[in-house]
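This briefing covers a single protein chain, from one residue's surroundings out to the overall fold. Please have the sequence and the model open while reading.

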Amino acid sequence: MSQPNLQLARKLNTVAYIVSFLVLALVALMRQFKLNTDIDFSFLPPFHATLNAITAVILVFAYIAVKRKKISLHRKLMITALITSLIFLISYVLYHITTEETRFCQPGAIRYVYFLLLMTHILLAAVSFPLVLFTFIRGYTGQYVRHRKMARWVYPLWLYVAVTGPICYLMLMPCYS
């Protein structure tokens, strides 16, 4: 096993802090500002749900790979999960900065289920985003003990977010006009 590259880790941590702050600020502000465009981005919500579902499947396969000691496969799958999540994030911001919000339209108790899932999804997405980056950095820079300690509790958060995203979309789907 190689020595951890702590100098690289410090640099990447700084980048992760900056990116996390900027992304969370952008997501918080994106509903306040709308860009006028002639392009209809209404096709994006099912794309978002699909990306989240793909990410969830990749995360499960990455977990299986690491449990079977297939570290190279685990690494490739985790990079792929990061890429699908990055594509999702860019597309999600694009959609919400150009499109009016769709309100949940279903009456009854299902509203409470939807809003509970949505609120936990949003909260855990915000919390897990920087944690995913830092967990990845630990693995990438060879800090395997620290990586494993973080991954034990960051992985379930990320998986929950990746699974509840498509569920929220399916529940909201009848409300898109």
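**Briefing: T164 and its setting**

T164 touches L117 and H121, leaving aside residues up to four places away in sequence. The model is predicted, and the values below are computed from it. T164 itself belongs to helix α5, which spans residues 144-172.

**T164**

- The relative accessible area of T164 is 3%, and because the cut-off for buried is under 20%, T164 counts as buried.
- The T164 side chain comes within reach of the backbone oxygen of Y160, at 2.8 Å.

**Fold**

- The protein contains five helices and zero strands.
- Read from the N terminus, the order of elements is α-α-α-α-α.
- Along the principal axes, the C-alpha atoms occupy a box of roughly 55 × 30 × 25 Å.
- Of the contacts between residues at least 6 apart in sequence, 80% link residues at least 24 apart.

**Burial and surface**

- Of the 177 residues in the protein, 38% are buried, and T164 is one of the buried residues.
- The protein has an accessible surface of about 11200 Å².
- Carbon and sulfur atoms account for 70% of that accessible surface.

**Charge**

- The protein carries 17 positive and 4 negative charges.
- The mean position of the positive charges and that of the negative charges lie 33 Å apart.

Methods. Residues numbered from 1 in each chain as written. Heavy atoms only, no water. Helix = DSSP H or I, 4+ residues; strand = E, 2+ residues; numbered from the N terminus. Buried < 20%, exposed > 50% of the residue type's maximum accessible area, 1.4 Å probe, protein only. Polar contact = N/O pair within 3.5 Å; in protein donor to acceptor, adjacent residues only side chain to side chain. Contact = heavy atoms within 4.5 Å. Areas by Shrake-Rupley, 256 points an atom, 1.4 Å probe, with all protein chains shown as cover. Lys, Arg positive; Asp, Glu negative; His and termini not counted. Charge placed at Lys NZ, Arg CZ, Asp CG, Glu CD.
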